[in-house]
Structure formats: C-alpha cells, structure tokens
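Please look at the sequence and the structure shown here before reading on. The briefing that follows takes up a few features, grouped by topic.

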Amino acid sequence: MPNSFKLTLNLEAEFFFQQGLRRNKVKKFEAAIASLDKAIRCKPDYPEALFQKGFALGSLGRHEDAIACFDETLRLRTNDSWVWHNRAIALGKLERHLDALNSFDRAIEFNPNAATVWHNRGLTLCDLKQYEQAIKSFERSLNLQADAYWAWNNKGNALRELKLYEEALNSYDRAIEFDTDNVMAWHNRGVTLNEWGRYQKAIKSFDRALAIQPNHYKAWLNRGIAWEKLEHYEDALISYNRAGDLQPNDPTIWYNKARCLILQNNVEAAIENLQQAISLCPETYLQMIKTQSDFDNIRSDERFQALLQEQSH
C-alpha cells in the first residue's frame, strides 16, 4: 500500500473516530456506531475506535455485542484497565457475575488505584451475595476517594445485608456528609432503621428523603411500614396511598394497605386492595393471603371466602 494512501486512510479514520467520540458524548449512540464503523473500515486495528463502539453498544443495551468489541480491543491492547472495566460492566448486565468479577480483577491488575473499578467490583460481589468481600472492595475504593458518597452508600447496603445496622448507619451518614441531598442514602438509612426496629427515627429519614424527592415511592412505602409498626394505621394508610398514586403496579403497596384496613375493621376496602395485589402478582399474593396470620381475623368472613374461591378458579 503506498504511504500516501495509507496516510489518507489514517486521516479518514481519525476524522470518523473524532466524530464518533463527539456523538458518544452527546449520547447519540446509533450515530456514533455508524461513525466508528467507518473509522474501523479505514483502520481495522484501531483499539480506541473499537472501545468507543463497545461503549456505545453497551449504552444501547447490546451487551453481547459490546463484549465482542471489548474483546477485540483487548486483542490489540491487553493491558488497558478501562477496557477490562467496561467489559466487566457488560458481563454484569448479562448477570454473568463471576466472569464480571474476573474482568474487574484484570482491570485492577493494570490499575490498582482506580477507585471506580474497586467500587463496581464491590457491586458485583453484592450481586453474588458476597457482602463481606464487597465491603472490602468498597473500602479500597474509599481509601482512594474518601468523598465518594456512592461508595459509602453501597458499603452501607452491604453492611445492612449482614444486619450490621449501626455500622450501616455510620456509612450512610458519611454518604450524607459528602452529599446532603443524597436521597438514596436518606432512604436506605430509613430502611436500616426500620429493620432495626427504630421506627420513629426511620420516619425522620424517610421525611428527609421525601423533602428532596417528593415522588420517591419507595420512601412513601417504607414510611408507611414504619407507621404501621407503630400502630398508627391512619398515618400508614396516608403513606401507602401516596406510594400507590406514584406506583400503582407494586402489589406490596396494595397488600400492606389491606393489612392496615383489616386492623381498622374495614373488611370491604381490605378485600378490594387484596384483589389488586393478587391481580398484579397472583402466585405470590394468593399464597400469602392463604397462609399469613394477618388475615386470621377475617378467614370466616363470607367476602374473604368469596375472594379465595374467585381467585382459585
């Protein structure tokens, strides 16, 4: 190939690569792939273009194709930490968590000081329910970036899974210290307090979450659970109603409302809510209604019997 022709191809490849890079940055991923494909046709061994194409494919949810691109990139550039990292993310999206963990470990091998890699490795360990190992990974991330509120939040989540509630709260508090409007940390703090039986304090955390994001339906739902545990059924129903307005397809909300209504002796309204829960998730909620002690008081009620017969056919 004449040098001048090769130079022309390289210049064209660079032009299309830069075009693809710009399109990726503004999230025009289909257009980015079209540009990057042109760059790769001009220069087949072009690791930067292959990596950017993999990034665009992953952003479009085409994770298998993204992995193929990252593998091709690694054939040309084995020691690129960020390629291994993004490959791990794509594997995780496909629920290939062990493969993802191996890919994160290769990323760390080539860049042991990448806080993001340690953090995302921790998330993968959480997916594998290896919470103690996940905590160590989050701690490595935080040693490198102490103000990473997302890592403090996820470390809290792992600690909560281990029922280490006080340590989890300390972790959420550090997340909030670095980002006072971190709605997830306030919400997760409330969930932890609920699980720990500290319901009044939980409500305060949910209130803070809702002051930041009034449409956070899970905060309304879990706030309702806290009020219900305190036997404030009217307050619980107010929260459940707000959650139901925001997310009418969550059967847990309807089921919890039914439970509160039974405790208020409002059997008719309770059964209407049970019908909604069953219609959204028949297998789970029909079985729960048959076996849970919450409904022992109304098992002999004709309306409850009719509901069971109607749903069993």
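Is the crossing of α9 and α10 left-handed or right-handed? The crossing of α9 and α10 is left-handed, where left-handed means that the near helix is turned anticlockwise from the far one by less than a right angle, and right-handed that it is turned clockwise. This is a predicted model, in which local features need pLDDT of at least 70 and side-chain atom pairs count only at pLDDT 80 or more, while totals for chains, interfaces and linings use all residues. Residues are numbered from 1 along each chain as its sequence is written, and side-chain values use heavy atoms, with hydrogens and water left out.

**Helices α9 and α10**

- Two packed helices are described by the angle between their axes and the distance between the axes.
- Helix α9 covers residues 149–161 and helix α10 covers residues 165–178, and the two pack at an angle of about 165° with their axes 8 Å apart; helices here are DSSP runs (H or I, at least four residues), as strands are (E, at least two), numbered from the N terminus.
- The axes are lines fitted to C-alpha atoms, for helices over the stretch in contact, and the angles run from 0 to 180 degrees between N-to-C directions.
- α9 and α10 are therefore roughly antiparallel to each other, since angles over 145 degrees count as roughly antiparallel, under 35 as roughly parallel, 65 to 115 as roughly perpendicular and the rest as oblique.
- On the α9 side the contact (heavy atoms within 4.5 Å) is made by residues including Tyr149, Trp152, Leu159 and Arg160, and on the α10 side by residues including Tyr165, Ala168, Tyr172 and Phe178.
- By class, the contact of α9 with α10 has eight nonpolar, four polar and four charged residues, where Ala, Val, Leu, Ile, Met, Phe, Trp, Tyr, Cys and Pro count as nonpolar, Asp, Glu, Lys and Arg as charged, and the others, Gly among them, as polar.
- Arginine 160, which is found in helix α9, is buried, with a relative accessible area of 15%; buried means under 20% relative accessible area, exposed over 50%, and partly exposed in between (1.4 Å probe, protein chains only).
- Leaving aside neighbours within four places in sequence, arginine 160 is in contact with Tyr165, Ala168, Tyr172, Asn188, Val191, Thr192 and Glu195.

**Helices α15 and α17**

- Helix α15 (residues 251–263) and helix α17 (residues 282–291) pack at an angle of about 20°, with 11 Å between their axes, and they are therefore roughly parallel to each other.
- The crossing in which α15 passes α17 is right-handed, and the contact is made by Pro251, Thr252 and Tyr255 of α15 together with Tyr285, Met288 and Ile289 of α17.
- Sorted by class, the contact of α15 with α17 has five nonpolar residues, one polar residue and no charged residues.

**Positive phi angles in loops**

- Most residues other than glycine have a negative phi, and most peptide bonds are trans.
- Lysine 27 has a positive phi of about 65° although it is not a glycine; lysine 27 lies in the loop between α1 (3–25) and α2 (29–42) and is exposed, with a relative accessible area of 65%.
- Lysine 163, likewise not a glycine, has a positive phi of about 60°; lysine 163 lies in the loop between α9 and α10 and is exposed, at a relative accessible area of 58%.

**Cysteines**

- A disulfide is a pair of cysteine sulfur atoms within 2.5 Å, and by this rule the count comes to zero disulfides.
- The cysteine sulfur closest to that of cysteine 281 belongs to cysteine 260 and is 20 Å away, too far for a bond.
- Cysteine 281 is partly exposed, with a relative accessible area of 24%, whereas cysteine 126 counts as buried at 16% relative accessibility.

- Threonine 180 is placed in the loop between α10 and α11 (183–196) and is partly exposed, with a relative accessible area of 47%.
- The C-alpha atoms of threonine 180 and isoleucine 212 are separated by 9.6 Å, and these residues are 32 residues apart along the chain.
- Not counting residues up to four places away in sequence, threonine 180 touches Trp186 and Ile212.
- Glycine 197 is placed in the loop between α11 and α12 (199–212), and its C-alpha atom is separated by 59 Å from that of alanine 39, 158 residues apart along the chain.
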